[in-house]
Amino acid sequence: MKKFIANQEIEVNDEGYLTDFSQWCKEVGKTLAEEHGIDMTDRHWEVIEYLQEKHKNEEALSIRGIKKSGVINVKDFYSLFPGGPLKKSTLIAGIPKPKSCI
Amino acid sequence: MSSKLKKMCFILSKATIENVYAAFVMANGARMEGIDSEIFFTFFGLEAIQKKKLEKLHVATVGNPAMHIPTMIGGLPGMEALATTMMKKEMEKLDMPSVPEFIEILSDSGVKLWGCKLAIDMFHLDQEDLIEELDGILTIGDFYGRADEEGTHIVFI
C-alpha cells in the first residue's frame, strides 16, 4: 500500500506501518505522530531513537525492555504515547509492530 | 481507538504461577492495546499481592494433567519447587518479568490493582502485608461498579 507522507510516497502495510525503513525520516515520523494526535518533543525523539537502535540490532521490543532501557520509564512511556505506547511509538519510528505478548 | 473493547476487569482467585501470569499478561496486554484494565485479587489470588508471598508462588504439579507428571510424583516434596524453577527459567528466556517486577510494570502502565475486602478480612491481612502498588480494598459490589461501563468485560481466573 502506498501512502503520501510529508511530500514523499511511502510504502506501508495495512496497519499503517512502514515496510521499508530506508523511506523513514524525521518528517515522516512527525507526520505519522500527528495522525495519532501526538505532538513530538525531544523526549519523544529520544524514545524513537532508542527503538530504532534496538530494531537495528534485531533486539525484540517489550514493555520490560522499556523499563530496563534507562531511556524512559514505563509511566512516562505511557504518557508520551497514550493508547498503546509500543504500537504507536514503533509506527512513528518506522519499524515493524512488535509481535511480543509482553 | 475505534475498539469497542474499552476495559478488561480480571478477578484473580488463584495463586499458582500459571494463573497469576495469565491475569498479568492479559492485563498488561490490554494496556498495550490502549484498553483500560483492572485486577481484583480475591481468595488465594491475594498471595500475589502479599509482600512476603508473591516471590514464592509455585506452579501446580498435582491435579494438573498438562504438566505430564504423574500425580504421585508431583506430590513428592520439592517437586513443585523444581517445576517452578524450570518454568521460571523458560519465562526468563522469553523476557517475562518476575512477579514483583510485573506488578511494578502493571502499576506504572495504569492497571488498577484492588484487594477483595472479604478475603482480606478472612485471611486477617493488614495493609502493611500488601504491596504498595495496591490501589485500594474493594467489595465485589464496588468492583462491579467499576465495570459498569459499555465495552467492559469481566474475566474470572
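**Exercise 1. Determine what share of the contacts in chain A with a separation of 6 or more joins residues 24 or more positions apart.**

Solution. Two residues are in contact if their C-beta atoms, placed from the backbone, lie within 7 Å. Among the contacts in chain A with a separation of 6 or more, 53% are between residues 24 or more positions apart.

The model is predicted: local features need pLDDT of at least 70, side-chain atom pairs count only at pLDDT 80 or more, and totals for chains, interfaces and linings use all residues. Residues are numbered from 1 along each chain as its sequence is written, while chains are lettered from A and ligands numbered from 1 in the order in which they are written.

**Exercise 2. State which elements chain A contains and in what order they run.**

Solution. Helices (H or I, at least four residues) and strands (E, at least two) are DSSP runs, numbered from the N terminus. Chain A has five helices and two strands. Read from the N terminus, the order is β-β-α-α-α-α-α.

**Exercise 3. Decide whether A:Glu58 is buried or exposed.**

Solution. First, locate the residue: A:Glu58 sits in the loop between helix H2 (42–56) and helix H3 (63–68) of chain A. Next, apply the cut-offs: a residue is buried if 20 or more other C-beta atoms, placed from the backbone, lie within 10 Å of its own, exposed if 12 or fewer, and partly exposed in between. A:Glu58 has 6 other C-beta atoms within 10 Å and is therefore exposed. Its phi is positive, about 55 degrees, although A:Glu58 is not a glycine.

**Exercise 4. Describe how H1(B) and H4(B) pack.**

Solution. Two packed helices are described by the angle between their axes and the distance between the axes. Axes are lines fitted to C-alpha atoms, for helices over the stretch in contact, and angles run from 0 to 180 degrees between N-to-C directions. For H1(B) and H4(B) the angle is about 25 degrees, and the axes are 10 Å apart. Angles under 35 degrees count as roughly parallel, over 145 as roughly antiparallel, 65 to 115 as roughly perpendicular and the rest as oblique. H1(B) and H4(B) are therefore roughly parallel to each other. Finally, identify the residues: B:Val20, B:Phe24, B:Ala27 and B:Asn28 in H1(B) meet B:Val99, B:Phe102, B:Ile105 and B:Leu106 in H4(B).

**Exercise 5. Find how many residues of chain B are in contact with chain A.**

Solution. Chain B contributes 14 residues, in contact with 14 residues of chain A. Helix H1 (17–32) and helix H4 (99–108) of chain B each supply at least two residues of the side that touches chain A. H1(B) gives the most to this side, with four residues.
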